[in-house]
Amino acid sequence: MRAVVVGAGINGVTAAIALRKRGHDVDLVDPGPLPHPLAASTDISKAVRAAYGADEFYTELAERCVPLWREWNQQFGFTLFHEVGFLFMRRTPMQEGDFEFETANVFARRGHKFARFDADEVKRRFPIWNTSRFCEGLFEPEAGYVDATRVVTTLISHATKLGVRLQGSSSFADLIENGRVTGIALQDRQRLFADAVVMTAGAWTPQLLPFTKDFLRATGHPIFHLKPSRPELFRAEKFPVFGADISATGYYGFPINGDGVVKIGVHALGHEASAKSEDRSVGAKEETQLREFLTETFPQLADAPIVFAHTCMYCDTNDGDFWIARDPGRPGLTIATGDNGHGFKFAPILGELIADAVEAKPNPLLQKFRWRPEVRVGVTKEAARYAG
Ligand SMILES: Cc1cc2nc3c(=O)[nH]c(=O)nc-3n(C[C@H](O)[C@H](O)[C@H](O)COP(=O)(O)OP(=O)(O)OC[C@H]3O[C@@H](n4cnc5c(N)ncnc54)[C@H](O)[C@@H]3O)c2cc1C
């Protein structure tokens, strides 16, 4: 089979690899430069964790991915996955129904490693936290972050070695349809014919395929890179990946990296945006809110200069679940997107899932990510239920 994969973020590159490994002839198309600076997949860090509150489906999926991330570290010969742990802090004691309490329950039931810390223990182990505001924590040790840009770069290089044809300066313009989808037209008017077209264009999807606007929408979410004057305070042993009462505040962040940068993000409903716009600046209001959050949470980071701020785009579905499915109305087309801000951690299994959808190979997981236009976009809390 000949397949064209549109978009070389994490969904596209893993799909291209999986399809190629199954013997298909694969083109991977992206306007570039790669990794694309505006892609959701391009960033210094993405959280990997199995904590999903009461949602055991994603917990189980993430549990499958952690050993595979470790394998990628071995296979590629360097650390893509930094297993430094994830600390979920709360401003009020954990109680039934909240994210941390339910996560602990699921972890206990599944025999997953975790620890609960009171304020004294947090102060001892993670002294940067203001424990007069944050009183309790849940620590997931077999979690951490991946260097997302490096993951995509590594996988693109791996894909080309496997024989994927990289069209790294080509933009999708339209589907070629002839009773079924038989390929794509590029912006330079070239045409690529294929038995299967796989759209993995993330937040660009609603704009490139306008019929998806009823069930997919792009939303913008700020991230900040800060350079603290005392980097030693923010090393992973003392400052692992964190969620700061994330269901209430939306703030999460990462330990200092090799460039002396601490990244902080905000996960919330976000604002509806178009990936078409190349303006990804962050508003003054969001910066003020960040400073307030830092003053309350990590006073020693409150005045650190912001060296980079960026609005990153999610592709949201209204139920928070991914969308990996063949279009029943357009044979030959598969759409794999709907990351809802939490898809990167599943990179080690995404490609196989997408390839199964393309090949119509039965896979029980695909039921969750099925074609479901009845779940229409709208501003509800559901769209923001998963952070990072
Ligand atoms: C702020 C933020 C924080 C996040 N944090 C986490 C986290 O901590 N943990 C986690 O697991 N997940 C996280 N995510 C989610 C994760 O980033 C996404 O699940 C993942 O990156 C989505 O990948 P993608 O391949 O679908 O889209 P993208 O990475 O956006 O890739 C889409 C690609 O399509 C290409 N494209 C655009 N237009 C065209 C065209 N005309 N023709 C061809 N190609 C085109 C783009 O150039 C791009 O390369 C976060 C997302 C954001 C935005």
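Two residues are in contact when they have heavy atoms within 4.5 Å of each other. This is a predicted model, in which local features need pLDDT of at least 70, side-chain atom pairs count only at pLDDT 80 or more, and totals for chains, interfaces and linings use all residues. Residues are numbered from 1 along each chain as its sequence is written, and side-chain values use heavy atoms, with hydrogens and water left out.

**His 271**
- His 271 touches Ala 218, Thr 219, Gly 220, Glu 286 and Thr 311, leaving aside residues up to four places away in sequence.
- Strand 18 (residues 271-272) contains His 271; strands (E, at least two residues) and helices (H or I, at least four) are DSSP runs, numbered from the N terminus.
- His 271 counts as partly exposed because its relative accessibility is 38%, between the limits for buried (under 20%) and exposed (over 50%), with a 1.4 Å probe and protein chains only.
- Pro 67 is 204 residues from His 271 along the chain, and their C-alpha atoms are 35 Å apart.

**Ligand shell**

**Polar pairs (N or O atoms within 3.5 Å)**
- A polar side-chain atom of Asp 30 is 2.6 Å from a ligand oxygen atom.
- Backbone N or O atoms also lie by ligand oxygen atoms, at 2.9 Å for Ala 40 and 2.7 Å for Ala 47.

Notes: Polar contact = N/O pair within 3.5 Å; in protein donor to acceptor, adjacent residues only side chain to side chain.
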